[in-house]
Amino acid sequence: MTGHRYELRNRTERYTGRVFRVVTDEVAMPGGGTASRDVVRHVGAVAVVALDDAGRVVLVRQYRHPVGGYLWELPAGLMDVDGEDLAVAALRELAEEADLTAGRVDLLVDLHSSPGFSDERVRIFLARDLVEVPVGRRHERHDEEADMQVVRLDLDEAVARVLAGEVTNASCVAGLLAAARARDAGWAPLRPADSPLPG
């Protein structure tokens, strides 16, 4: 099935920063008219569901200024290093935020976090065979990360917290639900970590 071709007629740059830019696009609409769409163009992110041998998932509780409070999240970070392999980026974030590395990494799920106004894409990996980063090689945390809490919860308990409304970060919700489903299917739905990005 083919639909209308939403051609970009004009783009006006409104803001450019380190993590995202804001543009106003003039887009051709069905019926011959055009419409303005404000878009946040984002560098993208990676996140990692780190699952230990006891079936516990690693979560971090971090202050997020835009929502004015702390959220339960997965270890995660920006795709802001040119040419960096995304699985490597996810493992870097796991080491920096949770002092862990992993012997096995698979692709869990891809998502667009808020496609109504942003093109941000998040790739979520599943990390297993976890190993502690030696104390002398651990990342020094700054700013909001300085008081970040790191916990391990049984995966089913974490999913219950999603369904109870206690976990609301989009990547965390998607990652936890996908990990539980993949586990229940004997890990068969997992894709290789180097799978191409969709679309």
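The structure is a predicted model. The protein chain contains 3 helices and 11 strands. Read from the N terminus, its elements follow the order β-β-β-β-β-β-β-α-β-β-β-α-α-β. The C-alpha trace of the protein chain extends over about 60 × 40 × 35 Å along its principal axes.

Packing between helices was examined for α2 and α3. Two packed helices are described by the angle between their axes and the distance between the axes. Helix α2 covers residues 155-163 and helix α3 covers residues 170-184. An angle of about 135° was computed for this pair, and the axes lie 10 Å apart. Because of this angle, α2 is oblique to α3. The crossing of the two helices, α2 and α3, is left-handed. On the side of α2, the contact is formed by L155, D156, A158, V159 and V162. Helix α3 contributes V173, L176, L177, A179, A180 and R183. By class, the residues of the contact of α2 with α3 comprise 9 nonpolar and 2 charged residues, with no polar ones.

The greatest contribution to the lining of the second largest pocket comes from β3, which supplies 4 residues. Sorted by class, the lining of the second largest pocket holds 6 charged, 4 nonpolar and 3 polar residues.

Technical notes
Residues are numbered from 1 along each chain as its sequence is written. This is a predicted model: local features need pLDDT of at least 70, side-chain atom pairs count only at pLDDT 80 or more; totals for chains, interfaces and linings use all residues. Side-chain values use heavy atoms; hydrogens and water are left out. Axes are lines fitted to C-alpha atoms, for helices over the stretch in contact, and angles run from 0 to 180 degrees between N-to-C directions. Angles under 35 degrees count as roughly parallel, over 145 as roughly antiparallel, 65 to 115 as roughly perpendicular and the rest as oblique. A crossing is left-handed if the near helix is turned anticlockwise from the far one by less than a right angle, and right-handed if clockwise. Contact means heavy atoms within 4.5 Å. Ala, Val, Leu, Ile, Met, Phe, Trp, Tyr, Cys and Pro count as nonpolar, Asp, Glu, Lys and Arg as charged, and the others, Gly among them, as polar.
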